[in-house]
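Please prepare a report on the model shown here, with attention to its helices, its charged side chains and the terms used to describe them.

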Amino acid sequence: MSDTIVTDAVAATAFRRLVAHLQHRTDVENIDLMGLAGFCRNCLADWIAEADGDMTRDQAREIIHGMPFAQWKAQHQGEATPQQIAKMQESVAKNADNH
């Protein structure tokens, strides 16, 4: 995909909407996102930290989660089941060329 398909302003608006959506849908756990899409909130935060260069992973995760990650994890993340882990591993394996 070429970066010229959308303007930076459009991309930024869509990104902010994605972040708001992920903050709202706390019922969807990261393990489920990983299993279905091969990425999760933490991946998105890591990409932000990498793109920024000066931001820490923890700072980026707070931006994406809307609170410190430890707090979000305690409030919204349960223990992953073996089935969720297997689905995540299968999905993430499809990312090999993109990460």
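**Basis and overall fold**

This is a predicted model, in which local features need pLDDT of at least 70 and side-chain atom pairs count only at pLDDT 80 or more, while totals for chains, interfaces and linings use all residues. Residues are numbered from 1 along each chain as its sequence is written, and side-chain values use heavy atoms, with hydrogens and water left out.

The chain has 6 helices and 0 strands, where helices (H or I, at least four residues) and strands (E, at least two) are DSSP runs numbered from the N terminus. Read from the N terminus, the order of elements is α-α-α-α-α-α, and the C-alpha trace spans about 40 × 30 × 25 Å along its principal axes. Of the 99 residues in the chain, 27% are buried; buried means under 20% relative accessible area, exposed means over 50%, and partly exposed lies in between (1.4 Å probe, protein chains only). Taking contacts (heavy atoms within 4.5 Å) between residues at least 6 apart in sequence, 50% join residues at least 24 apart.

**The pair α1 and α3**

Two packed helices are described by the angle between their axes and the distance between the axes. The axes of α1 and helix α3 (residues 41-52) come within 11 Å and cross at roughly 145°; here axes are lines fitted to C-alpha atoms, for helices over the stretch in contact, and angles run from 0 to 180 degrees between N-to-C directions. The residues that make this contact are F15, L18 and L22 on the α1 side and R41, L44 and I48 on the α3 side.

**Salt bridges**

Side chains of opposite charge can pair when their charged atoms come close. A salt bridge is taken as a side-chain nitrogen of Lys or Arg within 4 Å of a carboxyl oxygen of Asp or Glu, and a search of the whole structure finds 3 of them.

| Salt bridge | Closest N and O atoms |
|---|---|
| R25 and D27 | 2.7 Å |
| R61 and D46 | 3.6 Å |

D46, R57 and R61 are linked in a network of salt bridges. Why does D46 count as buried? Its relative accessibility is 17%, and therefore D46 falls in the buried class, while R57 is partly exposed, with a relative accessible area of 48%. R61 lies in helix α4 and D46 in helix α3, so this pair ties together parts that are 15 residues apart in sequence. Both R61 and D46 are buried.

**A buried glutamate without a partner**

E29 is found in the loop between α1 (8-24) and α2 (30-37). Where is the nearest side chain of opposite charge to E29? That side chain belongs to R41 and is 8.0 Å away, and E29, although buried, has no salt bridge; in this count Lys and Arg are positive and Asp and Glu negative, with His and the chain ends not counted. A polar atom of the E29 side chain does lie 3.1 Å from the backbone nitrogen of G78. Not counting residues up to four places away in sequence, E29 touches R41, H76, Q77 and G78.

Conventions: Polar contact = N/O pair within 3.5 Å; in protein donor to acceptor, adjacent residues only side chain to side chain.
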